[in-house]
Amino acid sequence: MWDDDAYAGIVPACVTSAGAAAATVAVCVVPAVRRVLGWGWVVPALVLGVVAGVWWATGG
């Protein structure tokens, strides 16, 4: 198929997006002396992670 390379690139992109979202949430959830990220920075990462997870789970 002509778009096999594109579909092959979607899976690593989804894994990277979901991993970045998880890392962002982990940075905000772990208690620290000084807040590193505010929750306003977490929302876009979570949205991106959810979209990537849904795309990956449904097979794109």
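This is a predicted model: local features need pLDDT of at least 70, side-chain atom pairs count only at pLDDT 80 or more; totals for chains, interfaces and linings use all residues.

Colleague: Good. Is Ser 17 buried or exposed, then?

Modeller: Ser 17 sits in helix 1. Its relative accessible area is 17%, and the cut-off for burial is under 20%. So Ser 17 counts as buried.

Colleague: What does Ser 17 touch, leaving out residues up to four places away in sequence?

Modeller: Contact here means heavy atoms within 4.5 Å. With residues up to four places away in sequence left out, Ser 17 touches Leu 48, Gly 49 and Ala 52.

Colleague: How many helices and strands does the protein chain have overall?

Modeller: Of the 60 residues in the protein chain, 17% are buried. The accessible surface comes to about 4500 Å², and 75% of that belongs to carbon and sulfur atoms. As for the elements, the count is two helices and zero strands.

Colleague: How far apart are the end C-alpha atoms of helix 1?

Modeller: Helix 1 covers residues 4-29. With 26 residues at 1.5 Å a residue, helix 1 should span 38 Å, and the model agrees: the end C-alpha atoms are 38 Å apart.

Colleague: And what about helix 2, how far apart are its end C-alpha atoms?

Modeller: Helix 2 takes in residues 39-57, which is 19 residues.

Colleague: Which residues of helix 1 are buried, and what covers them?

Modeller: Ser 17 is one of them, and the buried set of helix 1 reads Cys 14, Ser 17, Ala 21, Thr 24 and Cys 28. What covers these buried residues includes helix 2.

Colleague: Where around the axis of helix 2 do its buried residues lie?

Modeller: Buried in helix 2 are Val 42, Ala 45, Gly 49 and Ala 52. They cover an arc of only 100° around the axis, so they lie on the same side of helix 2. Their cover includes helix 1.

Colleague: Which exposed residues does the face of helix 2 turned away from that side carry?

Modeller: Take Val 50, which lies in helix 2. Its relative accessible area is 52%, and exposed means over 50%, so Val 50 counts as exposed. The face turned away from the buried side of helix 2 carries the exposed residues Gly 40, Val 50 and Val 51.

Colleague: What separates the C-alpha atoms of Val 50 and Ser 17?

Modeller: Val 50 belongs to helix 2, while Ser 17 belongs to helix 1. The two are 33 residues apart along the chain, and their C-alpha atoms are separated by 8.8 Å.

Colleague: Which residues does Trp 39 touch, not counting those up to four places away in sequence?

Modeller: Trp 39 is in helix 2 and counts as partly exposed, at 46% relative accessibility. Its C-alpha atom is separated by 9.6 Å from that of Val 29, ten residues apart along the chain. Leaving out residues up to four places away in sequence, Trp 39 touches Cys 28 and Val 29.

Colleague: Last one: which residues make the nonpolar surface patch?

Modeller: Val 11 lies in helix 1 and is partly exposed, with a relative accessible area of 38%. The patch is about 260 Å², and the residues making it are Val 11, Val 15 and Trp 56.

Conventions. Residues are numbered from 1 along each chain as its sequence is written. Side-chain values use heavy atoms; hydrogens and water are left out. Patches are made of residues with over 30% relative accessible area and no salt bridge: like charges are joined within 9 Å, nonpolar side chains (Val, Leu, Ile, Met, Phe, Trp, Tyr) within 5 Å. Accessible areas come from the Shrake-Rupley method with a 1.4 Å probe; for residues, only the protein chains shown count as cover. A salt bridge is a side-chain nitrogen of Lys or Arg within 4 Å of a carboxyl oxygen of Asp or Glu. Helices (H or I, at least four residues) and strands (E, at least two) are DSSP runs, numbered from the N terminus. Buried means under 20% relative accessible area, exposed over 50%, partly exposed in between (1.4 Å probe, protein chains only). The expected span of a helix is 1.5 Å times one less than its number of residues. The arc is that of the directions from the helix axis to the C-beta atoms.
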